[in-house]
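Please keep the viewer open while you read.

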Amino acid sequence: MRLGFATLGCPGAALDDVLALAQGNNFAGLELRAAPDEFTNTGLSATQRRELRTRIEDAGLEIFAVSSYVKLCAVEEQPLEEHLELAADLGARGVRVFPGDDPGEGTPDGPSAGEIRALDRVTTAPKDVPILLETHDSHSTARQVAAFCALLDTDVPGHNVKALWDTSHTWSHGEALAESFALLRPWLELVQFKQADSQQDYRPVAIDAGDFPIGELLTVLDGTDYPLSLEWELKWHPQLPSLAETLPAVHAWLSVGAGEVK
């Protein structure tokens, strides 16, 4: 199991601290939050990008994703191409994007105006780095993301969009994990997980305080080799324990879940 975590869980931390967290807790990969207040951002020079990539690779770590805030369906200012270039320079597996569609634009008979915008963006985007479309916001279910990916397969042959499965989102929207996995599998590239409490409107909580069915997820993924990444949303939920406290607990949580698989 290639296990990683998102730097969303340690907002503003220095690279040295992030590397120490990963190496000290036997995590093999990182999702790098791309923002002006982080060490990963599109404003880095070519030299800074080479240095960042070298430091991460020398630490024996893989970059699972550059986590952008691009909304693929939206009329917005976030530059997709610049994030794809950054990911290419860093050797990342892809760029995380959100759907970001206007829920009022959907129609039962065909793609929304936002999805048509996304088709156009994908058509003209560089193809050397995958666009990782997360099950999020307007497309929080696997069924919605899979339908859009199938549309891309038809209308934009050779596109570079893959699915990033935020398992907590699909679970909180009523899909069984096995159903979500089956729907996304043709395009799946990366799997995210976190702990949440369904009794508190799926609020993110400490590892030992929620009811996300981690054993069920591990059963679904048994025999596959998808990277598995902890999206610890400390940036948005400061009441959560730190990553330094959480990462060791994750191993114990996964061990219990793995026992359920057997």
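The report below goes from the overall fold to charged pairs, surface charge and a few backbone details.

## About the model

This is a predicted model, in which local features need pLDDT of at least 70 and side-chain atom pairs count only at pLDDT 80 or more, while totals for chains, interfaces and linings use all residues. Residues are numbered from 1 along each chain as its sequence is written, and side-chain values use heavy atoms, with hydrogens and water left out.

## Overall fold

Let's begin with the whole chain. Its secondary structure comes to nine helices and 10 strands; helices (H or I, at least four residues) and strands (E, at least two) are DSSP runs, numbered from the N terminus. The radius of gyration is 18 Å, close to the 18 Å that the globule rule gives for 262 residues, so the chain is as compact as a globular protein of that length. For that comparison, the radius is taken over C-alpha atoms, and the rule is 2.2 Å times the number of residues to the power 0.38. Along the principal axes, the C-alpha trace spans about 45 × 45 × 35 Å.

Of the 262 residues, 53% are buried. Here buried means under 20% relative accessible area, exposed means over 50%, and partly exposed is in between (1.4 Å probe, protein chains only). The areas themselves come from the Shrake-Rupley method.

## A covered helix

Helix α8, residues 214-221, is mostly covered, with six of its eight residues buried. The buried ones in α8 are I214, G215, L217, L218, V220 and L221. Just after α8, G223 takes a positive phi of about 90°.

Strand β10 holds S229, which is buried because its relative accessible area is 0%. S229 and F27 are 202 residues apart in sequence, yet their C-alpha atoms are 9.3 Å apart in space.

## Salt bridges

How many salt bridges does the structure hold? There are 14, a salt bridge being a side-chain nitrogen of Lys or Arg within 4 Å of a carboxyl oxygen of Asp or Glu. One of them joins E57 to R53, with the closest N and O atoms 2.9 Å apart. These two are four residues apart in helix α2 (residues 46-58), so about one helical turn separates them. An α-helix has 3.6 residues a turn, so residues three or four places apart point the same way. E57 counts as partly exposed because its relative accessibility is 45%, and R53 is partly exposed too, at 30%.

A pair from separate parts of the chain is E231 with R96, where the closest N and O atoms are 4.0 Å apart. E231 lies in the loop between β10 (228-230) and α9 (243-261) and R96 in strand β4 (residues 95-98), so the pair ties together parts that are 135 residues apart in sequence. Are these two buried or exposed? Both E231 and R96 are buried. R143 and E179 also meet through their side chains in a salt bridge, at 2.9 Å from N to O. This pair links distant parts of the chain, with R143 in helix α5 and E179 in helix α7 (residues 177-184), 36 residues apart. Salt bridges that share partners join R96, E134, D166, K194, E231 and E233 into one network.

## A negative patch on the surface

Where does negative charge gather on the surface? E81, E82, E85 and D128 form such a patch. Patches are made of residues with over 30% relative accessible area and no salt bridge, and like charges are joined within 9 Å. Asp and Glu count as negative, and the place of the charge is taken as CG of Asp or CD of Glu. Within this group, E82 belongs to helix α3 (residues 80-90) and counts as partly exposed because its relative accessibility is 38%.

## Backbone details in loops

Finally, have a look at two loop residues. N26 is not a glycine, yet its phi is positive, near 60°. N26 lies in the loop between α1 (15-24) and β2 (29-33) and counts as exposed because its relative accessibility is 63%.

D137, also not a glycine, has a positive phi of about 35°. Its loop runs between β5 (131-134) and α5 (142-155), and at 31% relative accessibility D137 counts as partly exposed.

Note on methods: Patches are made of residues with over 30% relative accessible area and no salt bridge: like charges are joined within 9 Å, nonpolar side chains (Val, Leu, Ile, Met, Phe, Trp, Tyr) within 5 Å. Accessible areas come from the Shrake-Rupley method with a 1.4 Å probe; for residues, only the protein chains shown count as cover.
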